[in-house]
Amino acid sequence: TTRAVWFRRDLRLNDHTALAKAVEHTKDEDSLVLFFHMHPELNNSFTMRHDYYFQTLQDFVSRAGDMGAPVHVIEGEIEESFQAFVKELDVDMVYFNRDETGFGKKRDDHMVEYLDSIDVEVYHYMDHHLHGAEEIKKQNGGHYKVFSPYLKKWKQQQKPGIQRVNHDKLKKAAVDKRSSFKEGEKAYQSLMEKTEADFPGTGEEAAGERFSLFLDGAIYDYDEERDFPAVDGTSLMSRYLRTGAVSIRTLYHRIQDEVNFKKDTSGVETYISELAWRDFYNMIYYYYPESDDKELVEKYRGIPWNNDEDLLEKWKQGQTGFPLIDAAMRQLNETGWMHNRLRMAVASFLTKDLLMDWREGERYFAERLVDYDPASNIGGWQWAASTGTDPVPYFRVFNPVRQSERFDPHGRFIKEWVPELGNVEKKYIHDPSKMPENEQEKAGCMIGEDYPEPVVDHKKMRKRAIEVFKDKT
Ligand code: FAD
């Protein structure tokens, strides 16, 4: 019997449900093959997030190869390449960790049917979340729409255990038939040549090390420090969760095993509830698949969003004249990551201060974020736009200058990402347009030349946004 494990957004060798099960089911005389499918479209849609993903893939492929369980890369249209693969290796069963939402769900549903039609048995598992979309239900069987009662139920439910992979058995059963898939190898190599950004710390080992660092200290202060972008106060796990370099179960159980609960638990509690947000948005997207394109609150469909390419471009490039917003967008453009407080601030700025369609922002994040996750991203954008489930109320518009004063009080984060404001006095750093001319000269930063004037008047736009929403309410 030949079993094949299909890797997608779960690029790791530990605590991996499909891999653990396939190894467990394998008998002495059976063989096991690991594989990855590369769609030809990828070559045409290569973005920063793909760049990051492929660097993780590279790490995974070499790690698995070193262990003696090489990954076979197949390429081409999905049905054809699977058919050829199954035939070549005489595959009887395919194992994978399923996607519950979005494109991944459609692909998985389709492939389950297709594999069945060519007489291949399929085993698929819920692996990406602590609780899948249908696991947390209300008393009456319905799903939650508001986070806090969801969280309460989520906390009560027992968490899944680690899915240990028997590596010795894996090594013994793994086969190397890569020479039969030369086209796949070629496509893989050419994509690898395309990756160019140098992301620090990709892959399974880096994920583990970073989490150890977080558990050693920052987790205890997480509730207090997580809102300050100049502080390294969050776990930075989102990119590893997205590529699957780390399993969510491993994070959860490492917290239970390694945290000193006598020390301080409010930071830890807050951190765990953030992991619940990830499950919550997955659940929402599962029940509302249309939310990738439609406002969840029906009455807010058809808001007259501004359509101004020039302003949108200024927002994207971090040239709005609001230092915190600009610093955040530049951090995203350069690193592929943005701090959560800033995601909320720039999303609020785009949808309320510029009154622009949240879908524009959602799409831009999709291109750039290395941790891009449709469910969390759509959830976050609809939250900020006040159009989602349990969103920020439309009349509570973030003031971008006030946010800056509160969350980057010394302007340290701003100065790191907006170097033209490097010599601006603290007093003016949050709103440099207020600098008198002599101060501008002193700081070597002339407003309108070295750094833009604010592109909008916050007070006016706040009023306008509230009116537009009120009209629809
Ligand atoms: P930590 O603060 O260390 O949190 C730990 C983990 O909890 C994160 O890795 C993440 O998996 C989860 N988490 C934390 N906050 C949230 C949240 N609000 N929603 C869902 N999960 C959360 N997160 C993504 O993973 N992918 C996205 O595409 C994404 N887009 C967003 C868009 C907007 C407009 C907003 C407001 C938020 C978005 N988030 C997204 C949520 C959050 O900003 C990131 O998960 C977080 O900044 C990642 O950094 P971290 O790992 O250091 O987080």
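Below is a short chat about the ligand shell and the domains of this predicted model.

User: What should I know before I start?
Analyst: It's a predicted model, where local features need pLDDT of at least 70, side-chain atom pairs count only at pLDDT 80 or more, and totals for chains, interfaces and linings use all residues. Residues are numbered from 1 along each chain as its sequence is written.

User: OK, which residues come nearest to the ligand?
Analyst: Thr234, Ser235, Ser238, Asn377 and Gly380, out of 27 residues around the ligand. A residue is near if its C-beta atom, placed from the backbone, lies within 6 Å of the molecule.

User: And which helices supply at least two residues of that shell?
Analyst: α10 (238–243), α12 (266–287), α15 (340–353) and α17 (374–384). The largest share, six residues, is from α17. Helices here are DSSP runs (H or I, at least four residues), numbered from the N terminus.

User: How do the shell residues divide into nonpolar, polar and charged?
Analyst: There are 13 nonpolar, eight polar and six charged. Ala, Val, Leu, Ile, Met, Phe, Trp, Tyr, Cys and Pro count as nonpolar, Asp, Glu, Lys and Arg as charged, and the others, Gly among them, as polar.

User: Switching to domains, what's the assignment?
Analyst: Domain 1 (1–127), domain 2 (129–160 + 204–287) and domain 3 (298–472), with bounds from an automatic or database domain assignment. Domain 2 and domain 3 each give at least three residues to the ligand shell.

User: How far apart are the C-alpha centres of domain 1 and domain 3?
Analyst: 40 Å. Their contact takes six residues from domain 1 and eight from domain 3, counting C-beta atoms, placed from the backbone, within 7 Å.

User: Which helix gives the most on the domain 1 side?
Analyst: α2 (residues 48–67), with three residues.

Definitions and conventions:
Two residues are in contact if their C-beta atoms, placed from the backbone, lie within 7 Å.
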